[in-house]
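User: I am new to this structure and would like to learn how to read it. Could you take me through it one feature at a time?

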Amino acid sequence: MRPIPLKQKNVLITGASSGIGKELAGCFAAEGANLFMGALPTEKEALDAWAGELAARHGVETHTLAVDLSVPKGPVAMHEAAVSAFGPVEVLVNNAGLLAYGEFAKIPLARQRLMVDVNFSAYLSLMHLCLPDMIAARAGGVLNLVSASALQPTPFHAVYGATKAGMLALSLAVAAEVRRAGVRVTALCPSYVDTPLVRNEIPDSMHWFKISGLATPAYIAAEGLAAFQKGRLVHVPGLKNRIIHQVLNPLMPKSLTGRLGARILGPR
Ligand SMILES: NC(=O)c1ccc[n+]([C@@H]2O[C@H](COP(=O)([O-])OP(=O)(O)OC[C@H]3O[C@@H](n4cnc5c(N)ncnc54)[C@H](OP(=O)(O)O)[C@@H]3O)[C@@H](O)[C@H]2O)c1
């Protein structure tokens with residue numbers, strides 16, 4: 001697939017106040033794209049400041065909406081506000097997400113459901129709202145922030161991994177449906193990244209960090225944009241991660257990846 005010329009393209013990006021989403025907003029703005037950026041109402045000030053900085057630095061149009069995507073009306077409000085601000089969304093970046101770490105049976109059900117609502121249902125809703133205009137225009141695409149957690153069991157963040165596995169399945173199926181209409185869907189599957197999502201939730205002592213380390217959000221954002229522009233279906237940033245998650249893991253029986261996961265992803 002040929003790269004999408006991003007200059008003055010309308011890009012909706014969720015979770016743009018922090019981490020990977022903040023860096024992705026910077027990458028798209030550097031390419032000349034107009035941005036509609038979202039975050040939670042508690043981060044409105046930071047979101048507006050970043051939007052203002054990107055507009056001044058790159059001469060692009062930026063708009064913001066601080067809205068909670070965990071409720072069904074959140075994605076609808078975000079899509080409506082984007083369309084009335086700059087017209088149809090040409091590129092959707094589904095990025096907002098959260099992670100709860102701990103034993104499945106001990107994490108409160110409300111927190112587990114919140115992950116499903118933000119990491120899965122909001123992505124699904126925004127794809128459903130934005131894709132008709134892309135299909136009609138026979139152009140554009142969706143970049144979904146999935147995770148390497150989608151590629152094998154993730155004990156101690158079981159529901160997080162489940163939301164990501166669901167999003168991977170949805171991305172692959174929808175990508176196959178819309179490909180002929182000239183629309184792309186990319187699932188970006190990073191391993192652990194140094195952002196508040198990980199820092200605030202996962203103990204530093206987790207064994208896996210010794211193997212994987214923590215990537216920077218800027219590196220992951222650049223990898224994500226490049227993969228999207230190449231029309232990749234799935235991209236795992238980093239050669240070591242591709243070998244682990246896409247070559248070795250599929251060769252192992254699920255019972256083994258689960259047991260190994262419990263050892264290296266569990267608290268010490
Ligand atoms: N960090 C990693 O290791 C890693 C690895 C693979 C994939 N990912 C995925 O990458 C994406 C970005 O995560 P990150 O690591 O960059 O985390 P982050 O820095 O914590 O950013 C998460 C973003 O999501 C927003 N958000 C959370 N709940 C929301 C809600 N209910 N409504 C609207 N916005 C909400 C946050 O808004 P506020 O700032 O307003 O709270 C923030 O902008 C997530 O989908 C995550 O699963 C992360």
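Analyst: Start with burial. A residue is buried under 20% relative accessible area, exposed over 50%, and partly exposed in between, using a 1.4 Å probe and protein chains only. Gln152 has a relative accessible area of 16%, so Gln152 is buried.

User: What kind of model is this, and how are residues numbered?

Analyst: This is a predicted model, in which local features need pLDDT of at least 70, side-chain atom pairs count only at pLDDT 80 or more, and totals for chains, interfaces and linings use all residues. Residues are numbered from 1 along each chain as its sequence is written, and side-chain values use heavy atoms, with hydrogens and water left out.

User: How many helices and strands are in the protein?

Analyst: First, the terms. Helices (H or I, at least four residues) and strands (E, at least two) are DSSP runs, numbered from the N terminus. The protein has ten helices and seven strands.

User: What radius of gyration does the protein have?

Analyst: The radius of gyration is taken over C-alpha atoms, and the globule rule is 2.2 Å times the number of residues to the power 0.38. Here the radius is 18 Å, close to the 18 Å that the rule gives for 268 residues, so the protein is as compact as a globular protein of that length. The C-alpha trace spans about 50 × 40 × 30 Å along its principal axes.

User: What share of the residues is buried?

Analyst: Buried residues make up 49% of the 268. Now the surface. Accessible areas come from the Shrake-Rupley method with a 1.4 Å probe; for residues, only the protein chains shown count as cover. The accessible surface comes to about 12,200 Å², and 59% of that belongs to carbon and sulfur atoms.

User: How do I read contacts?

Analyst: Contact means heavy atoms within 4.5 Å. Take contacts between residues at least 6 apart in sequence: 72% of them join residues at least 24 apart.

User: Where does Gln152 lie, and which residues is it in contact with?

Analyst: Gln152 sits in the loop between S5 and H5. Setting aside neighbours within four places in sequence, Gln152 is in contact with His245 and Asn249. Look also at Gly261. Gln152 and Gly261 are 109 residues apart along the chain, and their C-alpha atoms are separated by 8.5 Å.

User: Is Val236 buried or exposed?

Analyst: Val236 counts as buried, because its relative accessibility is 0%. Find Val236 in the loop between strand S7 (234-235) and helix H9 (239-251). Not counting residues up to four places away in sequence, Val236 touches Leu151, Cys189, Asn241, Arg242 and Gln246. Val236 and Ala148 are 88 residues apart in sequence, yet 6.8 Å apart C-alpha to C-alpha.

User: Where is Asn95, and what does it touch?

Analyst: Asn95 lies in the loop between strand S4 (91-94) and H4. Its relative accessible area is 12%, so Asn95 is buried. Beyond neighbours within four places in sequence, its contacts are Thr14, Gly15, Ile20, Gly21, Tyr123 and Leu145.

User: How are packed helices described?

Analyst: Two packed helices are described by the angle between their axes and the distance between the axes. Axes are lines fitted to C-alpha atoms, for helices over the stretch in contact, and angles run from 0 to 180 degrees between N-to-C directions. The axes of helix H3 (residues 73-86) and helix H4 (residues 109-137) come within 9 Å and cross at roughly 35 degrees.

User: Which residues make the contact of H3 and H4?

Analyst: H3 contributes Pro75, Val76 and His79, and H4 contributes Ala122, Ser125, Leu126, Leu129 and Cys130. For classes, Ala, Val, Leu, Ile, Met, Phe, Trp, Tyr, Cys and Pro count as nonpolar, Asp, Glu, Lys and Arg as charged, and the others, Gly among them, as polar. This contact has six nonpolar, two polar and no charged residues.

User: What about Phe120?

Analyst: Phe120 lies in helix H4. Its relative accessible area is 22%, so Phe120 is partly exposed. Not counting residues up to four places away in sequence, Phe120 touches Met115, Thr163, Gly166, Met167 and Leu170.

User: Which value of phi does Gln8 have?

Analyst: Phi of Gln8 is near 60 degrees, a positive value in a residue other than glycine. Gln8 is in the segment before strand S1 (10-13). At 60% relative accessibility, Gln8 counts as exposed. Phe156 also has a positive phi, near 75 degrees. Phe156 sits in the loop between strand S5 (141-145) and helix H5 (158-178).
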